[in-house]
Amino acid sequence: MSTYLPYIVSVICSAIAGFTSYVVARKQAKADMQKLEKQYELDLESEREKFAMEKEKMEIEHHYQLELLQKESENSLGASVTNTLISEAMKMPEVRKQFTQGVKNGNKRKKR
């Protein structure tokens, strides 16, 4: 038995060291998993906020484009109505006569 005693002590020490290493590695792995889960949650929340901001930006740009199109259509409608009124008015002899008289009076004033 005395010949096996150094081997038995060595095996017991190795078993204790192995068990201790296993427990420490397990605790470390558990801590690392919790850390990774927390980081994943933070990254996910960050991406959600980023998506929400992009969505809001797109909605604002869309609203602005709609307003711009509406103003352009109002301007073009007003211009077409004005052009139509002027062209129809110029077809009338009375309006044409007043227009030419106004131009002549304006030229006379400029010459003075």
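Helices (H or I, at least four residues) and strands (E, at least two) are DSSP runs, numbered from the N terminus. The model is predicted: local features need pLDDT of at least 70, side-chain atom pairs count only at pLDDT 80 or more, and totals for chains, interfaces and linings use all residues. Residues are numbered from 1 along each chain as its sequence is written, and side-chain values use heavy atoms, with hydrogens and water left out.

View 1. Buried denotes under 20% relative accessible area, exposed over 50%, and partly exposed in between (1.4 Å probe, protein chains only). Glu45 is partly exposed because its relative accessibility is 39%, whereas Arg48, at 51%, is exposed.

**View 2. A nonpolar surface patch includes Ile16.** Met1, Tyr4, Tyr7, Ile8, Ile12 and Ile16 make this patch of about 730 Å². Patch residues have over 30% relative accessible area and no salt bridge; like charges are joined within 9 Å, nonpolar side chains (Val, Leu, Ile, Met, Phe, Trp, Tyr) within 5 Å. Ile16 lies in helix α1, which covers residues 5-90, and counts as exposed because its relative accessibility is 53%.

**View 3. Ala29 is a residue of helix α1.** Its relative accessibility of 40% makes Ala29 partly exposed. Between the C-alpha atoms of Ala29 and Arg48 the separation is 28 Å, with the residues 19 apart along the chain.

Key. Areas by Shrake-Rupley, 256 points an atom, 1.4 Å probe, with all protein chains shown as cover. Salt bridge = Lys/Arg side-chain N within 4 Å of Asp/Glu carboxyl O.
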